[in-house]
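This note is intended for a colleague who is meeting the structure for the first time. The points below may be read alongside the sequence and the model.

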Amino acid sequence: MLRDITLGQYYQTESVIHRLDPRVKLGGTLLFIISLFLFDHFAGYVVAVAFLGIVIRLSHVPFRFMVKGMKAIVFLLILTVTFNLFLTPGRELVSFWKLTITWEGLALAITMAVRLTILIIGSSVMTLTTTPNNLTDGMEKMLKPLKLFRIPVHEVAMMMSIALRFIPILLEETDKIMKAQLARGADFESGNIFKRAKAMVPLLVPLFVSAFHRANDLALAMESRCYRGGEGRTKMKPLVYQKRDGLAYLCIVLYLALSITAGRLVWMWI
Amino acid sequence: MSIIVDHVNYIYGADTPLAVAALKDVCLQFPDGQFVGIIGHTGSGKSTLVQHLNGLLKATSGHIYFDGEDIYDKDYDMKKLRSRVGLVFQYPEHQLFEVDVFSDVCFGPKNLGLDKREAELRAYDALRRVGLPDELFYQSPFDLSGGQKRRAAIAGVLAMKPDVLILDEPTAGLDPKGRDEILHQIKQLQTQTGMTILLVSHSMEDVAEYVDRIIVMNKGSVLYDDEPRKVFRHYKELEEVGLAAPQVTYVLHKLKEKGMNVDVSATTIEEAADTVLQALGRR
């Protein structure tokens, strides 16, 4: 029932993108997102889409998995487009009742929609090709300098990886309890909002009980293996840059250079 | 109230790279009042199968008929089906949530739309049947011991007065004494009420003594479906799929090989003792 949630879900397959160091993917995604907000010309977006397309092809992840992530932001997308469409001042395109659509509004709405779509798909490429553990590992290593400012980077990363690890477990647990209560004639779907909220009690109480149990068990298991934070802790698989990671960084820099100059080039060409 | 499973297939995670066929062309019939054991190794599809019987999982293809009606018909009342086919999940104590045991057991009957009095009567009856002592009725379910929690949870399903009761590994994680007690009570329940009972387990020993019929599942298909003594004749094949016949089967087969005239089809320790004594007496 709840198996279809893809939030940050890893798609297992074999590809160059999967094998890249998580730091490359994190840094690359960040630069990619920043670049999206710097373009002042559509040519930049053409380059971005082309770059993303190549990465998706290389990742061997079916395209429909990327689109799944879009479902979550459909509402946001519609809202942004509507507001931009109607509330941007400028030259009038069409006008009816009290609403006017301007040329500038139309341009802005399309830009925003394209920007958001590429942004979401771009970041799902990262989460689909990187295991959550790898992702937090990469984050921990990238954020290490923050330790100087007394920010507990390791602890935050550990909490994140535990939280991520628990998402599928808790989903499965929810599914199990839901079925057990359905078998006892529970009804989660009908009735008004208050009735439905009340119907969640038989689901939430056992879920919380089991989550606390699990947290307790995990803490015990960690302590009995002498876990005491990040101090002096070594990794079983330390992150080491390979040749392909260097190449990937080069590709990202090339992309940036190309996308920034693309606008100017087209300008000159015309 | 018979259940007919007709060419049912089920695929987990269809259209993902992890798609697994959990049930392959399963055809079964469960007549009234039978006590059936469903045996299989972990991942053999036994739990998946029983979740189809009350409509919690929908078959990828195939049909299931309850009482002559197709449960996949558009206007079929699933809630009613679930009240008539009671399913007790593995580790059912994880579903307890109310402030006391008694109100938790009332949850099922109340969902059926029964009035308070009737629901409470049923809850009381169910709790008595599973042998939970009266003084625990108004305790928090979280304060009970593991075995007591399990009984309370089973009572929660029993209180809906189902015609068919399915128990998925009801003895998992219990000590031998608790296991025997629960199985004994289930058998008693069956003889007293004439309910159809499906007992899912991975242990032959558990079910051999109690059931009328054994269904052996392997990799999503039905491997054997027969009386216990006939199924145990295939004890060598059973081993190949990671299962084992009861220990007495092995002992009797060994005795027979040594030239003793014993009846190898005995399934319980008592029967085995009888046939050994008989063989000795003849000598």
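1. Nonpolar core. In the largest nonpolar core, which has 79 residues, those that touch the most other members are B:I38, B:V105, B:A155, B:I166, B:L198 and B:L199. A nonpolar core is here a set of buried Ala, Val, Leu, Ile, Met, Phe, Trp, Tyr and Cys residues joined through C-beta atoms within 7 Å. A residue is buried if 20 or more other C-beta atoms lie within 10 Å of its own, exposed if 12 or fewer, and partly exposed in between, with C-beta atoms placed from the backbone. Helix α5 of chain B (residues 146-158) gives the most to this core, namely six residues.

2. Basis of the description. The model is predicted: local features need pLDDT of at least 70, side-chain atom pairs count only at pLDDT 80 or more, and totals for chains, interfaces and linings use all residues. Residues are numbered from 1 along each chain as its sequence is written, while chains are lettered from A and ligands numbered from 1 in the order in which they are written.

3. Surroundings of B:L199. Leaving aside residues up to four places away in sequence, B:L199 touches B:V36, B:G37, B:I38, B:L167, B:I186, B:V207 and B:V211. Contact requires that the C-beta atoms of two residues, placed from the backbone, lie within 7 Å. Another core, of 19 residues, lies apart from the largest one and has A:V55, A:M66, A:I121 and A:A248 among its members.

4. Overall form of chain B. Chain B contains 11 helices and 10 strands; these are DSSP runs (helices H or I, at least four residues; strands E, at least two), numbered from the N terminus. Its radius of gyration is 20 Å, close to the 19 Å given by the globule rule for 283 residues, so chain B is as compact as a globular protein of that length. The radius is taken over C-alpha atoms, and the rule is 2.2 Å times the number of residues to the power 0.38. Of the 283 residues of chain B, 43% are buried.

5. Strand pairing. Strand β1 of chain B (residues 3-12) runs antiparallel to β2(B) (residues 20-30), joined by seven bridges; pairing requires that DSSP finds at least two bridges between the strands. Within β2(B), B:L28 is the bridge partner of B:V5. β1(B) also pairs with β4(B) (residues 61-66), in the antiparallel sense, over five bridges.

6. Interface. In chain A, 20 residues are in contact with 23 residues of chain B. On the chain A side, α8(A) gives the largest share, seven residues.
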